[in-house]
Amino acid sequence: SFEFEYLGLLAQRSADQLAAGDVAAARGIMADSLSFIRDHVGTWVPKFAELALSILKTRFYQGVVKTAQGYIELDLETLAQAIDDCDESASQDATKA
């Protein structure tokens with residue numbers, strides 16, 4: 001749960017940077033989040049989910065596990081897209097200057 005709390009903190013910080021207009025800082029934080037998911041959360045969640053789904057008998061808790069898995073996958077995709085968007089924005093700004 002500490003890992004997910006940390007990701008929530010990073011998400012808030014990147015949102016704050018975007019609100020302040022600092023796309024580069026937000027991009028850096030999003031890149032940190034993406035790396036953290038791949039290097040930490042991604043190392044144990046798939047194994048945990050597989051084990052939990054093999055043990056759990058109720059559809060409710062199976063759904064909780066599947067939802068958590070889906071959220072992590074969506075977060076990876078969303079972060080990658082947001083980083084690409086930041087890069088595109090920076091590139092457009094550089095051509096205007």
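## Two helices side by side

Helices H2 and H3 are roughly antiparallel to each other, because the angle between them is over 145 degrees. Keep in mind, as you look at the structure, that this is a predicted model.

H2 covers residues 23-55 and H3 covers residues 59-96. The two pack at an angle of about 155 degrees, and their axes are 9 Å apart. Where H2 passes H3, the crossing is left-handed. What kinds of residues make up the contact of H2 with H3? There are 18 nonpolar residues, along with three polar and five charged ones.

## H1 joins in

Now turn to helix H1, which spans residues 2-19. H1 packs with H2 at an angle of about 165 degrees, and their axes are 8 Å apart. That angle, too, is over 145 degrees, so H1 and H2 are roughly antiparallel to each other.

How is the crossing of H1 and H2 handed, left or right? The crossing is left-handed. The contact of H1 with H2 is made of 15 nonpolar residues, four polar ones and three charged ones.

## A ring pair between H1 and H2

Next, the aromatic rings. The count of aromatic pairs in this model comes to four. One of them is formed by tyrosine 6 and phenylalanine 36, with 4.8 Å from centre to centre and 65 degrees between the planes, an edge-to-face arrangement. Why does this pair tie together parts that are 30 residues apart in sequence? The reason is that tyrosine 6 lies in helix H1 while phenylalanine 36 lies in helix H2.

Are these two residues buried or partly exposed? Tyrosine 6 has a relative accessibility of 36%, so it counts as partly exposed. Phenylalanine 36 counts as buried because its relative accessibility is 15%, and the cut-off for buried is under 20%.

## A ring pair within H2

Tryptophan 44 and phenylalanine 48 form another pair, with ring centres 6.0 Å apart. Their planes are at 70 degrees, so this pair is edge-to-face. Both residues sit in helix H2, four residues apart, which means that about one helical turn separates them.

Tryptophan 44 is partly exposed, with a relative accessible area of 34%. Phenylalanine 48 is partly exposed as well, with a value of 48%. Finally, look for Phe4 in the structure: ring pairs link Phe4, Trp44 and Phe48 into a cluster.

How values were computed
Residues numbered from 1 in each chain as written. Predicted model: local features only at pLDDT ≥ 70, side-chain atom pairs only at ≥ 80, totals over all residues. Heavy atoms only, no water. Axes fitted to C-alpha atoms, helices over the stretch in contact; angles between N-to-C directions. Parallel < 35°, antiparallel > 145°, perpendicular 65-115°, else oblique. Left-handed = near helix turned anticlockwise from the far one by under 90°. Nonpolar A, V, L, I, M, F, W, Y, C, P; charged D, E, K, R; others polar. Phe/Tyr/Trp six-rings, centres within 6.5 Å; stacked < 30°, edge-to-face > 60°. Buried < 20%, exposed > 50% of the residue type's maximum accessible area, 1.4 Å probe, protein only.
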